[in-house]
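Hi there,

Here is the structure I promised to pass on. Please open it alongside this note, and I will walk you through what turned up.

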Amino acid sequence: MGASQPRAGLAKGQGRKNPSQRLNISRYDRSMSAHQINDETKILVVDDDPASAKLVKLALECDGYQVLTANSGKQAIKEMSDWSPHLVLLDVSMPGLNGLDTLKYLRARNHYVSTIFVTGRSDVDDVVRGLDAGADDYIRKPFDAKELLARVRTQLRIKQLNDNLKAANKKLKSLVDKDDLTGLFNMRSLYEKLDNELNRARRFGRSVCVIMMDMDHFKNVNDSNDHLFGSFVLQ
Ligand SMILES: [Mg+2]
C-alpha cells in the first residue's frame, strides 16, 4: 500500500477509538457473525507493509480469530509449517518471494490451505492471474473491513464443508475396508493391499512374504459362547 493511499477505516482523528470503531464495524455487524466466532481459528496475514498487516490483523481480531503476521513470503512458508493456519491472507506485491510465488509453494504442499489475496493492484489481469494461480478469493486495498470479514467467513465455511467431506470419505473408506463385527480388514481390502505390495516389490526388485495363520478349533469358541463373543475375541 502506498503512503498516499487511504487505508480502510483509518480516517483522521480515529486513532483514539476502539478497534471495532476504527474499522467501522458496528455492534450489529459483529453480532451477525458472533455465532461463527471461533477463537481456535488461526489466520496468517502476510504483508511486507507493517501498517497494512496491522490493519488486517485488527479487523480479524475483532471477530475473535487468532492472527499471526508475516512480513515476507519466506516467513509465511515457515509459519505454514510451524503454526498451521486455517486461512492465509496474502499480499501480492512483496520484495523477494512475491504473493504469486508464495502461493505456488503453498499449493505444492499436501495440506490445502485456503488463501485470499489482499492487494493494492486493481488491474483485472492481476485479479485473473491471482485466481488462476490458485487463490480462493481476492480483495483489493483499500478494503472495507466488513467485506473482508465476510469473505473470511465464506472461506472458513467452505473449508469446514471440505473438512466434513474428507471426514465422511474417511469413514466410508473404513466401512468399505473393514468387517463390521470384528473391525478387521476384509477380503476386498486384503486383495487391494496385496496388489499394492506386489507392485511395490516389482518397483524395488524385492520379494513379498505373506503369512497365513489358521486358528484351529475356533468354532468351539462361537459354539460355546456366541458369534458376538467370537468377534470380540478376533478383535
Ligand atoms: Mg506489499
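Leaving aside its neighbours within four places in sequence, which residues is threonine 102 in contact with? They are Val46, Gly73, Ala76, Ile77, Leu90 and Leu97, where two residues are in contact if their C-beta atoms, placed from the backbone, lie within 7 Å.

Before going further, a word on the source. This is a predicted model, in which local features need pLDDT of at least 70, side-chain atom pairs count only at pLDDT 80 or more, and totals for chains, interfaces and linings use all residues. Residues are numbered from 1 along each chain as its sequence is written.

**The chain as a whole**

The chain holds ten helices and five strands; helices (H or I, at least four residues) and strands (E, at least two) are DSSP runs, numbered from the N terminus. Of its 235 residues, 23% count as buried. Here a residue is buried if 20 or more other C-beta atoms lie within 10 Å of its own, exposed if 12 or fewer, and partly exposed in between, with C-beta atoms placed from the backbone. Among contacts in the chain with a separation of 6 or more, 62% come from residues 24 or more positions apart.

With 27 other C-beta atoms within 10 Å, threonine 102 is buried. Its C-alpha lies 9.7 Å from that of aspartate 91, eleven residues away in sequence.

Helix 5 (residues 99–108) also pairs with helix 4 (residues 73–83): their axes come within 9 Å and cross at roughly 20°. That makes helix 4 roughly parallel to helix 5. Axes here are lines fitted to C-alpha atoms, for helices over the stretch in contact, and angles run from 0 to 180 degrees between N-to-C directions. Angles under 35 degrees count as roughly parallel, over 145 as roughly antiparallel, 65 to 115 as roughly perpendicular and the rest as oblique.

Which residues make the contact? Helix 4 supplies Gly73, Ala76, Ile77 and Met80, while helix 5 supplies Asp101, Thr102, Tyr105 and Leu106. By class, the contact of helix 4 with helix 5 has five nonpolar, two polar and one charged residues. For those classes, Ala, Val, Leu, Ile, Met, Phe, Trp, Tyr, Cys and Pro count as nonpolar, Asp, Glu, Lys and Arg as charged, and the others, Gly among them, as polar.

Helix 3 (residues 50–62) has 13 residues and spans 18 Å from its first C-alpha to its last, close to the 18 Å expected at 1.5 Å a residue. The expected span is 1.5 Å times one less than the number of residues. Buried in helix 3 are Ser52, Ala53, Leu55, Val56, Ala59, Leu60 and Cys62. Glycine 64 follows helix 3, with a positive phi near 85°.

Helix 8 (residues 187–204) has 18 residues and reaches 26 Å between its first and last C-alpha, close to the 26 Å expected at 1.5 Å a residue. Is helix 8 largely in the open or buried? Of its 18 residues the number buried is zero, so helix 8 lies largely in the open. Just after helix 8, glycine 205 has a positive phi of about 65°.

**Backbone points to look at**

Most residues other than glycine have a negative phi, and most peptide bonds are trans. These spots are worth a look with that in mind:

- Serine 84, in the loop between helix 4 and strand 3 (87–91), has a positive phi of about 50° although it is not a glycine. Serine 84 counts as exposed, with 11 C-beta neighbours inside 10 Å.
- Histidine 217, in the loop between helix 8 and helix 9 (218–224), has a positive phi of about 60° and is not a glycine either. Histidine 217 is exposed, with 7 other C-beta atoms within 10 Å.
- Lysine 141 and proline 142 are joined by a cis peptide bond, with omega about -5°. Proline 142 is in the loop between strand 5 (137–140) and helix 7 (145–177).

Aspartate 144 is also found in the loop between strand 5 and helix 7. Aspartate 144 is partly exposed, with 16 other C-beta atoms within 10 Å, and its C-alpha is 9.7 Å from that of alanine 59, 85 residues apart along the chain.
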